[in-house]
Amino acid sequence: MKKATSTSKIPTTIDEYIDGFPVDVQKVLKKVRVTIKKAAPQAEEAIKYQLPTYVQNGNLVHFGAFKQHLGFYPTPSAMAAFEADLSPYKRSKGSVQFPFDQTIPYELITRMVKFRVSEVTA
């Protein structure tokens, strides 16, 4: 999978990561960021595995932009819990691809992040 970044510099902050993409992709990334922050207000931002990451008692979720999709990495437990909701999308054990040419399911991202917060704070 090729990231859709336009810079070769490895970002150290989520702002730097987002700034490395075309404006249309930046809009999606910014909205995902806000969505995650609202769903997990106690989580801290980081860059891990060269991806925006939210940390709360360990890694909560990661996300990233690729050439034709948004990659969302909520862990295998969240993937299993939301299997039916994720069925229209290409996915693996711990990640899902939301194509840029389709509506990004921000409400589903919210629910998945809240699920992860409940897991790490239980």
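Is Asp15 buried, partly exposed or exposed? Select Asp15: its relative accessible area is 43%, and the residue is partly exposed. Here buried means under 20% relative accessible area, exposed over 50%, and partly exposed in between, with a 1.4 Å probe and protein chains only.

Two notes on the model before moving on. The model is predicted, so local features need pLDDT of at least 70 and side-chain atom pairs count only at pLDDT 80 or more, while totals for chains, interfaces and linings use all residues. Residues are numbered from 1 along each chain as its sequence is written, and side-chain values use heavy atoms, with hydrogens and water left out.

**Stop 1**

Arg33 and Asp15 form a salt bridge, with 2.6 Å between the closest N and O atoms; the term requires a side-chain nitrogen of Lys or Arg within 4 Å of a carboxyl oxygen of Asp or Glu. Arg33 sits in helix 2 and Asp15 in helix 1, 18 residues apart, and the pair links distant parts of the chain. Helices are DSSP runs of H or I with at least four residues, strands are runs of E with at least two, and both are numbered from the N terminus. Arg33 counts as buried, at 13% relative accessibility. The structure holds six salt bridges.

**Stop 2: Arg111 and Asp85**

Select this pair next. The closest N and O atoms of the Arg111–Asp85 salt bridge are 3.5 Å apart. Because Arg111 lies in helix 5 and Asp85 in helix 4 (residues 83-86), the bridge ties together parts 26 residues apart in sequence. Arg111 is partly exposed at 31%, and Asp85 is partly exposed at 34%.

**Stop 3: Glu119 and Arg116**

Stay on helix 5, where Glu119 and Arg116 lie three residues apart, about one turn of the helix. Their side chains meet in a salt bridge at 2.5 Å, N to O. Arg116 is buried at 7%, whereas Glu119 is partly exposed at 33%.

**Stop 4: the nonpolar core**

Select Leu29, Ile36, Phe72, Phe98, Ile109 and Val113, which have the most contacts inside the largest nonpolar core, a set of 37 residues. Such a core joins buried Ala, Val, Leu, Ile, Met, Phe, Trp, Tyr and Cys residues through side-chain atoms within 4.5 Å. Helix 5 gives the largest share, seven residues.
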